[in-house]
Amino acid sequence: MYLSIWFGIMVSTQSGCSIPGKSAPPPYAGQIQAPATVAVAPPPSAPAQPRPNPMARRLNEPTNMPSVPPAGARLSYSSIQTDQMVTAMTFDDGPHPSNTPRLLKILRDRNIKGTFFLVGKNAKAYPALVRQIIAEGHEIGNHTWTHGSLTSMSDDQIRKELKMSADAVYEAAGYRPQTIRPPYGAVNARVKDLIFTEFGYPTIMWSVDPQDWRRPGVSVVTSRLVNGVRPGSILLVHDIHAPTIDAMPGTLDQILAKGYRFVTVSQLMNIEKASMPVGVLVRPANVVGADPEPLPQ
Ligand SMILES: [Zn+2]
């Protein structure tokens, strides 16, 4: 309603001013003049330009969201609570020049997306593999630069290990890791707090470990994983060992046959966050640069 009134005033004012050769007579003393300013000032409640809303802008622009995860986010995960038949395969210590490409083909053939916790030095040595992992829709997490035990490092050493590793992945693929797996699972409150506060990484542990690095044999690795998987499990293997890769086709097919769907670690965390009460802000995966394909949701 106010808009139409205001519009009418605007039209009449403008048409009055646009008549050529006709000028209003000069006012004389004592004349009550029409308050000219009334015509040009909008009524108090007329719709004005929307005020900038910093919160809305931030929500609409996910890259502007705070890097520190919000209250309610967990510092570490070894699995999630869910009824959904979902699980996350995680592959540590690569990339490896022959085993990782073989694994990628096995995953590609089954349209399975996994999470690779790369050692920074290996990422630096094999940048094409880092790019391929991202291009094929997998996720990359930080597994430190040298694969040292974080609990025996100073805060500054931890910062350096994580930054160098993240930088190597970024230089290779334009992608910054959003999670960490501590080598050997060595972690304590100091390490977790530092990583969470300064890097925004949740610490990703696991719920099923077939100890494939001990090379127990293909069938043992497979049976440990297939028998251990539960809804929300995080499964741990290492893609630097050839027998582990040999075990993957049978393992993945049997887990699929049980009705599970494979998701990345971030997707798994988002499944849990999606069941949180309304108002808990979910921090999105942050892909830097335009180069890599976004992760499928
Ligand atoms: Zn490792």
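User: Which residues in H8 do Asp155, Ile158, Arg159 and Leu162 in H7 meet?
Analyst: Bear in mind that this is a predicted model, where local features need pLDDT of at least 70, side-chain atom pairs need 80 or more, and totals for chains, interfaces and linings use all residues. Numbering starts from 1 along each chain as its sequence is written. Helices (H or I, at least four residues) and strands (E, at least two) are DSSP runs numbered from the N terminus. Counting a contact when backbone-placed C-beta atoms lie within 7 Å, the partners in H8 are Val191, Leu194, Ile195, Glu198 and Phe199.

User: At what angle do H7 and H8 pack?
Analyst: Axes are lines fitted to C-alpha atoms over the stretch in contact, and angles between N-to-C directions run from 0 to 180 degrees. Under 35 degrees is roughly parallel, over 145 roughly antiparallel, 65 to 115 roughly perpendicular, and the rest oblique. H7 (residues 155-173) and H8 (residues 189-199) have axes 11 Å apart, and their angle makes H7 oblique to H8. That angle is about 50°.

User: How far apart are the axes of H4 and H10?
Analyst: H4 (residues 99-109) and H10 (residues 242-257) pack at about 5°, so the two are roughly parallel to each other. The H4 side of the contact is Asn99, Arg102, Leu103 and Ile106, and among the H10 residues are Ile245 and Met248. The contact divides into seven nonpolar, one polar and one charged residue. As for the distance between the axes, it's 10 Å.

User: How many polar residues are there in the contact of H9 with H10?
Analyst: The axes of H9 (residues 218-228) and H10 come within 8 Å and cross at roughly 40°. H9 brings Val218, Val221, Thr222, Leu225 and Val226, while H10 brings residues including Thr244, Ala247, Thr251 and Ile255. Seven of the contact residues are nonpolar and one is charged. The polar ones number five.

User: Is Leu225 buried or exposed?
Analyst: Leu225 lies in helix H9 and touches Val208, Pro210, Leu235 and Thr251, leaving out residues up to four places away in sequence. Buried needs 20 or more other C-beta atoms within 10 Å, exposed 12 or fewer, and partly exposed is in between, with C-beta atoms placed from the backbone. Leu225 has 26 such neighbours, so it counts as buried.

User: What is the C-alpha to C-alpha distance between Val221 and Met248?
Analyst: Val221 is also a residue of helix H9, and it is buried because it has 24 other C-beta atoms within 10 Å. Apart from neighbours within four places, its contacts are Pro210, Asp212, Pro216, Thr244, Ala247 and Thr251. Val221 and Met248 sit 27 residues apart in sequence, but their C-alpha distance is 8.8 Å.

User: Which residue in S4 stands opposite Thr115?
Analyst: Strands pair if DSSP finds at least two bridges between them; S3 (residues 115-118) and S4 run parallel and are joined by four. In S4 (residues 139-142), Ile140 and Asn142 point one way, Glu139 and Gly141 the other, and all are buried. The residue opposite Thr115 is Glu139.

Notes: Contact = placed C-beta atoms within 7 Å. Nonpolar A, V, L, I, M, F, W, Y, C, P; charged D, E, K, R; others polar.
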